[in-house]
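This briefing covers the interface between two chains. Please look at the sequence and the structure before reading on.

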Amino acid sequence: MTTLEETPTVLATEQNEQGYREFSLGELHFRRDEYFVYITWPTGSHVMSADAFLRALQRDVAWEFFYGIVNFDGVIGTVNHYGTVDLFAGRYNDSYRKAELDHVENFPTPQIKATFEEMLDDWTNETFDPFAAPRETGSAFGVKNGENRKAITRHRVKAARMVSCTGDEQIRSDETGHPVNEHFVDISQDEPEIIAEPGFEDEVKAFSLFAYLSRSDVTWNPSVVSVCKDSLFCPTTEEYILPIIHGNDRVEWFVQLSDEIHWDVADRETGALRAKVVMRAGDVAAMPANIRHQGYARKRSMLLVWENADPDIPELIATGQTPTYPADF
Amino acid sequence: MFETKTASLDDYTKGGIEVIDDDPKHYAFSNMYEVANASKPYESVVVAMNRQYTLEILRAEGESEWRTAPHDEFALVMGGEVTIRLVKLDNPRSHHDPGDSGSRRIDGEPSGEPMGTIKAKKGHMALLPADSAYQFQTDEPGVILIQTIKGPDSIERWADICITTV
């Protein structure tokens, strides 16, 4: 018997005066004009710069709502429940909470994903690449001006075993459309020397992670390069500002492979500042499971994000069976 | 022109934590080169842990013992030039109990067919396949980051390697 998956309904208007469609998810409404995005809900309203909103929206869509909370800023964001997603306004903002003006609605993941994808597609002009650093892209602003579908639907790397393994994600090159980034022209492009005995060509595998990252054409986009059961190496290249404020639902680890990133760390629930962390090459640090963080990198840097994808962790933390920090000492 | 700043055993500048309202120990902040400088050759020092999963730092110096794990592991060379030898074990289960995780030491030379070698430099990442034996060799001291699962030889010395006060 064949069953057809139900196509989620996207609630959107025709083009407004600036040429953009308006979108609704439950009682939340999204509208953009030349400069801004306007979000309204029954108890409030909010405005974001269009470029900041699109950079955040791009990550939320590409990451499929990631682990935990994706705060677009201090008011708007999503919480991933891995099958459904909360869309909230003010839920993780102390002032909105105290005033009881916050709003949360839960949606099946396919519904919010489809709506966000159409919003991203409609609101991204041909001049703007929301994955790029500011120096690499044109303007997000103005009235509706074409589309940039190629940029917003890039292939997301998800290695099953390790990049370069047979049948898995492959290394990057000029030929694959991944030139070395301007900030990484000093990174050696030499690959490891591999001598595999006959019959073991699929098992004796290695690649240059640094060369691979030097050719990344996106910023702030962790992508899986190696998999040890639920342990995922998700390196990424970082430049300018992490476009979202990530609220953890598990401990997350950072290994700074090159250069320097400054992190603001705040309370996950309220946004109250808890620490500032500066990471330089060789540094290793955990982001506890009860915080939110946002990073700043002047020069494009290589950051190894390390995740434990075990789906039981949020429940274990919520019930106190696993601590919010990595180790007792 | 931008200069990419990586680090090494001889040249690293550790960052830090400016605490406003938190315990610095919750960040388990360390530096892999500092850890390797204080390590014996090839001891596995845990620098990151997420339940059973670990990232372990090895000071690569000379020739390591042979090790094996019942699952894939990965070695990211973060300093030096490392040769990795791989052997397909004849009887991998003789080195593990069922359900084991993490790597185990193999006494002496492994019994099995040579799979090949990998010569890796800083920034190179190698697969250490499940049920194979692997050995590292280097002429000059280096650093290897291992993606693995905590095993009997994983060393936790958090208080020694992490920032505890600010």
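How many salt bridges are there between chain B and chain A? The count is two, a salt bridge being a side-chain nitrogen of Lys or Arg within 4 Å of a carboxyl oxygen of Asp or Glu. The model is predicted, with local features needing pLDDT of at least 70 and side-chain atom pairs pLDDT 80 or more, while totals for chains, interfaces and linings use all residues. Residues are numbered from 1 along each chain as its sequence is written, chains are lettered from A in the order written, and side-chain values use heavy atoms, without hydrogens and water.

**Polar and charged links**
- One salt bridge joins the side chains of Asp22(B) and Arg274(A), at 3.0 Å from N to O.
- Between chain B and chain A, 33 residue pairs are in polar contact, both residues at pLDDT 80 or more.
- A polar contact is a pair of N or O atoms within 3.5 Å; within protein, one must be able to donate a hydrogen and the other to accept it, and residues adjacent in sequence count only if both atoms are side-chain atoms.

**Extent**
- Contact (heavy atoms within 4.5 Å) involves 67 residues of chain B and 70 residues of chain A.
- The buried area is about 5900 Å², with 62% from carbon and sulfur atoms; this is accessible area (1.4 Å probe) lost on putting the two parts together, summed over both.
- In chain B, Phe2(B), Tyr27(B) and Met125(B) lose the most area to chain A, together 13% of what that side buries.
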